[in-house]
Amino acid sequence: MSVVAGSRTRRRRSVATASGVLALVLVVLFVASLTLGSYSISPANLIATLTGSGESGDRFIVLGLRLPRATVAVLVGVAFALAGALFQSLLGNPLASPDILGVTGGASAAAVTALLVLGLSGPAVAASAGGGALLVAAAIYLLSWRAGVHGYRFVLVGVAVSFLVEAMLGYLLTRADVRDAQSALVWLVGSLSGARWEDAALVALGLAVLLPVLMLLTPHLLVLQLGDDTATGLGVRAAPARTMALALAVAMAALGTAAVGPIAFVAFVSAPIARRIVRDGLALGASALVGAIIVLASDLAGQHLLPGGLQVPAGIITGAVGAPYLLWLLARAQRSGGLA
Amino acid sequence: MTAQQHGFAAVGLRLGYEGRTVIDGLDLSIPPGQVTVIVGANASGKSTLLRGMARLLRATGGLVEVDGRDVRSIPTRQLAAIIGLLPQHPTAPEGITVVDLVGRGRYPHRGILRQWSATDAVIVERALAATSTLDLADRRVEDLSGGQRQRVWIAMALAQEPDILVLDEPTTFLDVAHQLEVLDLLLELNRTEGTTVVMVLHDLNLAARYADHLVVMAGGAVLTEGRPREVITEVTVREAFGLECRVVDDPVCGSPMVVPIGRFHGPSI
């Protein structure tokens, strides 16, 4: 076998092995999230229920509550992780992630506005969340535009915009009625409690549209990863390709936020963790798996692992774990002299 | 000889950055099948010209032609199969292997219906062999030395199978041994494959040694061009670089060699 073919085969095998392990972890977590709980279900009963022959109580708990919740967790994990992976690689900066730059914050602010100011509910709120993400992303894009979009400026503008969005959220909440504010809280901290099949269907449908587009874009993104000059030399129109991929990423972040609110740091940490595991170019597949694992595991931990039966939303767990990672990243960047 | 010969020229080219014009109305024809080296002082516009010719910089006037056609009328991928480019600061994504990086050079030859094939593998292998990087195939690009990394990037440009190879200061950041290694590689490529090479170099003496055609830029215009022996004179160096010098014969290959004169080491006449 030739050196090139051999090397490619070895690389593909190592990526496949690592992805297989991640997929296995995901399956274990998925099964755990269906069986564990204040009412725990044995694996035998779980299989019976899933094949349609279980008791009605089990059926309600598994099919009506836990299965949709776990499904939504996996789907939004994928959406957030891919959004983050695209942002970071397109802008060449690990800080460039939709949750750090206020894109998901924009979705929250729009949702809370719809809820508290306009008195909307249900799908209309989710739609506003999507609109908010797109609006904020467009604002960052235009404000940072100077003969093209460059990672560093994009991140600085994004961080500034994210503070603006936070301020708006704070203002809305202080003005709101206590009970309304309570229901608006889910838009500040992403939560999977109360996730229904409708939410799963929404995210699944969105991903069904966005993922094929992403697959068509991937060969161009692999070249764009080499820098604009090299990509242009290879025949990629760098600016339009990047804009399209960013729009795709914003749509994914908006989709996830519309379904469950902004689950902190999932977009931010998934791709770096995935790349550490598979060490392969864009590592989009592995990032998606890692994102799903993080959301599912955080939701499980938030429900069952805290002392005294305390239950917290998944977004609090991811925030508590993600913030130290951000600090570590900043400390490391300080030492090596930059984030580029 | 596998490379095809193309006309490659700038016609009345105007280039600049954000409203500031650096080059205005420049005409330059790159001789096919030769090594052309562009030299000039800092801010003489040499890199700007190269970027303009490699379509990294949009012309604000005039045009760049390949075989008499305006490059803007040629589809980008088709053009990429003719002109390969090694920019000054290419970025390798973290964790990428040499084979993966060089393989991405096949991009212009691929499409939705043309996925990776055995031919691609053969061409990538040939590019690695030509740059003596075959034994680095499985290594991560970030773990390589500067000289190795530059050879890998050249391998990527070769995998593109360009007939014209454009390089922006390919020897910057390399020590002198690695500079010669890279330039020898490019010369070999030109002599064996017939690939047209166009590059910007900083070092006048290396430029004079490796160029078939030397272009000296000053103030955003071509001061003079031709064979190094005709071009490199004490007068030209003074005009282009504001430097007093003596020009002697390079004892190794007879090409003109510039020996600069500073304030302290002037001739004692």
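Start with one pair of residues: V248(B) has M257(B) as its bridge partner in β12(B). Keep in mind that what we are looking at is a predicted model. That pair belongs to two strands of chain B, β11 (residues 245-249) and β12 (residues 256-260). They run antiparallel and are joined by five bridges. Together β11(B) and β12(B) make a hairpin, with six residues between the strands. Look at the turn. G254(B) sits there, with a positive phi of about 80 degrees.

Now the sheets of chain B. While you are looking at strands, here is a general point. Side chains in a regular strand alternate between the two faces of the sheet.

Next, the six-stranded sheet. This one is also open, and its order is β6-β7-β8-β3-β9-β10 in chain B. Here the pairing is mixed. The edges are β6 and β10 (221-226) of chain B, and each pairs on one side only. From one strand to the next, the twist averages 15 degrees. Inside this sheet, β3 (residues 35-40) of chain B pairs with β8(B). The sense is parallel, over four bridges. To find the pairing, go to T36(B): its bridge partner in β8(B) is V198(B).

Helix α1 (residues 46-53) of chain B lies across β3, β7, β8 and β9 (213-218) of chain B. Its angle to β3(B) is about 140 degrees.

Let's zoom in on one residue, V200(B). It lies in strand β8 (residues 196-200) of chain B. Is V200(B) buried or exposed? Count the neighbours. There are 25 other C-beta atoms within 10 Å of V200(B). The cut-off for buried is 20 or more, so V200(B) is buried. What does V200(B) touch, leaving out residues up to four places away in sequence? The list is I38(B), K46(B), S47(B), L50(B), D168(B) and E169(B). Pick L50(B) from that list. V200(B) and L50(B) are 150 residues apart in sequence, yet their C-alpha atoms are 7.3 Å apart in space.

Stay in chain B for one more helix, α5 (residues 146-159). Check its length first. With 14 residues at 1.5 Å a residue, α5(B) should span 20 Å. The C-alpha atoms at its ends are 20 Å apart, which agrees. How many of its residues are buried? Eleven of the 14 are, so α5(B) is largely enclosed by the rest of the structure. Among the buried ones are R149(B), W153(B), I154(B) and L158(B). What do the buried residues of α5(B) pack against? In chain B, they meet strands β6 (83-86) and β7 (164-168), and helices α3 (98-103), α4 (118-130) and α6 (176-193). Just after α5(B) comes E161(B), with a positive phi of about 50 degrees.

Over to chain A. Chain A has 13 helices and zero strands. Along the principal axes, its C-alpha atoms fill a box of roughly 65 × 60 × 40 Å. Of its 340 residues, 51% are buried. Now take the contacts in chain A with a separation of 6 or more. Residues 24 or more positions apart account for 75% of them.

Last stop: where the chains meet. 25 residues of chain A are in contact with 32 residues of chain B. On the chain A side, the elements giving two or more residues are α1 (3-35), α8 (197-224) and α9 (228-233) of chain A. Which gives the most? That is α1(A), with six residues. By type, the chain A side divides into nine nonpolar, nine polar and seven charged residues.

Terms used: Residues are numbered from 1 along each chain as its sequence is written. Chains are lettered from A and ligands numbered from 1 in the order in which they are written. This is a predicted model: local features need pLDDT of at least 70, side-chain atom pairs count only at pLDDT 80 or more; totals for chains, interfaces and linings use all residues. Two residues are in contact if their C-beta atoms, placed from the backbone, lie within 7 Å. Ala, Val, Leu, Ile, Met, Phe, Trp, Tyr, Cys and Pro count as nonpolar, Asp, Glu, Lys and Arg as charged, and the others, Gly among them, as polar. Two strands pair if DSSP finds at least two bridges between them. A residue is buried if 20 or more other C-beta atoms lie within 10 Å of its own, exposed if 12 or fewer, and partly exposed in between; C-beta atoms are placed from the backbone. The expected span of a helix is 1.5 Å times one less than its number of residues. Axes are lines fitted to C-alpha atoms, for helices over the stretch in contact, and angles run from 0 to 180 degrees between N-to-C directions.
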